[in-house]
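Here is my notebook from a first look around, entry by entry. Please keep the view open and follow along.

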Amino acid sequence: MSLPESIQRFIDEQADSAPVRYDDLRAVVFNGTTKRSPEPSHTDGLWGIVRGILAKVGVTVDEIRTADHEIPAGLWPDMREHGYERDEFPDIYQRLVVPAQILILAGPIWLGDQSSHTRKIIERLYAYSSDVNAAGQWSYYGKVGAAITTGNDDGGKHVSAQVLYALQHIGLTIPPQADSYWTGEAGPGPSYLDVEGGGQHNAWATRNTVFLAWNVLHLARMLTDAGGIPAYGNSTNDWNLGQPDHPNPEHRA
């Protein structure tokens, strides 16, 4: 389902008039819907606004619908080393997360909280948080993070707080207004793709989602052009905690 024609035309005109180029940037989104492809997802409906803007300004966009992949829960980089026969996440991380300047976690609300797929990806991303770049900074330094949430009940701000805290904690940079959500009225009601009752014609949710897209673009452009976050004072090269094999990445040397 598409946005109202006048709104889509305005979004497209802004993208066509972007003052700088973004075609050297990459973005990866983890869609935490519980639905497997090709079943329609309300999360995909809201995320689709951001995806359209990123693609229109030339950003390479990769999307992982987590439910479609063999990604075990766990806090280790490769869960095949811990009893699982298959684990697609190490390949996804190396191919899509490492080269990306933008990382977005999108997903639904269930029982007032993020989906199990969203939480699982946060945990798997955390497993790589002890990796460092050439300057000795944690590997997520210089990447921009954001959260997109859908549902038809309460909890949008709670989920955004959880997701954005986790992303900044492992080293990503969060731009202003980097969360967008559609929850409808409290209690059972329309989801974002449901035209009846508000849904995709809700201008507030659409506007905030467009703001999110441009804010991640602006900050990713700024950080990339600046060569990332300055390494003075935040390099692990200056610290020796004496625990190189500690199971918790935050406690390793």
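**Entry 1: a buried serine.** I began with S180, which is buried, with a relative accessible area of 1%. I kept in mind that the model I was reading is a predicted one. S180 sits in strand 6, which covers residues 179-182.

Next I asked which residues S180 is in contact with, leaving aside its neighbours within four places in sequence. I found L46, A147, I148, T149, A205, N208, T209 and L212.

**Entry 2: helix 2 against helix 6.** Helix 2 spans residues 42-56, and its axis comes within 9 Å of the axis of helix 6. The two cross at roughly 40 degrees, and that makes helix 2 oblique to helix 6. I noted the crossing as right-handed.

Who meets whom in this contact? By class, the contact of helix 2 with helix 6 has 11 nonpolar and 2 polar residues, and no charged ones.

**Entry 3: helix 1 against helix 6.** I stayed with helix 6, residues 203-225, and turned to helix 1, residues 5-16. Their axes are 12 Å apart and the packing angle is about 15 degrees. Helix 1 and helix 6 are therefore roughly parallel to each other. This crossing, too, is right-handed.

On the helix 1 side I wrote down I7, I11, Q14 and A15, which meet T206, V210 and W214 of helix 6. The residues of this contact divide into 5 nonpolar and 2 polar, with no charged ones.

**Entry 4: an exposed asparagine.** Is N237 buried or exposed? I found N237 exposed, with a relative accessible area of 56%. N237 lies in the segment after helix 6. Not counting residues up to four places away in sequence, N237 touches A134, A135 and G136. A polar atom of the N237 side chain lies 3.5 Å from the backbone oxygen of A135. I also checked V132: 105 residues separate V132 from N237 in sequence, yet their C-alpha atoms are 9.5 Å apart.

**Entry 5: helix 4.** How many residues of helix 4 are buried? I counted 8 of its 11 residues, so to speak, off the list: helix 4, residues 116-126, is mostly covered. The buried ones are H117, T118, K120, I121, I122, R124, L125 and Y126. I then traced what they pack against: strand 1 (26-31), helix 3 (89-97), strand 3 (102-110), strand 4 (113-114) and helix 5 (156-169).

**Entry 6: stepping back.** To finish, I looked at the whole chain. The secondary structure comes to 6 helices and 6 strands, and read along the sequence they follow the pattern α-β-α-β-α-β-β-α-β-α-β-α. Of the 253 residues in the chain, 48% are buried. Among contacts between residues at least 6 apart in sequence, 76% join residues at least 24 apart.

Methods: Residues are numbered from 1 along each chain as its sequence is written. This is a predicted model: local features need pLDDT of at least 70, side-chain atom pairs count only at pLDDT 80 or more; totals for chains, interfaces and linings use all residues. Side-chain values use heavy atoms; hydrogens and water are left out. Axes are lines fitted to C-alpha atoms, for helices over the stretch in contact, and angles run from 0 to 180 degrees between N-to-C directions. Helices (H or I, at least four residues) and strands (E, at least two) are DSSP runs, numbered from the N terminus. Angles under 35 degrees count as roughly parallel, over 145 as roughly antiparallel, 65 to 115 as roughly perpendicular and the rest as oblique. A crossing is left-handed if the near helix is turned anticlockwise from the far one by less than a right angle, and right-handed if clockwise. Contact means heavy atoms within 4.5 Å. Ala, Val, Leu, Ile, Met, Phe, Trp, Tyr, Cys and Pro count as nonpolar, Asp, Glu, Lys and Arg as charged, and the others, Gly among them, as polar. Buried means under 20% relative accessible area, exposed over 50%, partly exposed in between (1.4 Å probe, protein chains only). A polar contact is a pair of N or O atoms within 3.5 Å; within protein, one must be able to donate a hydrogen and the other to accept it, and residues adjacent in sequence count only if both atoms are side-chain atoms.
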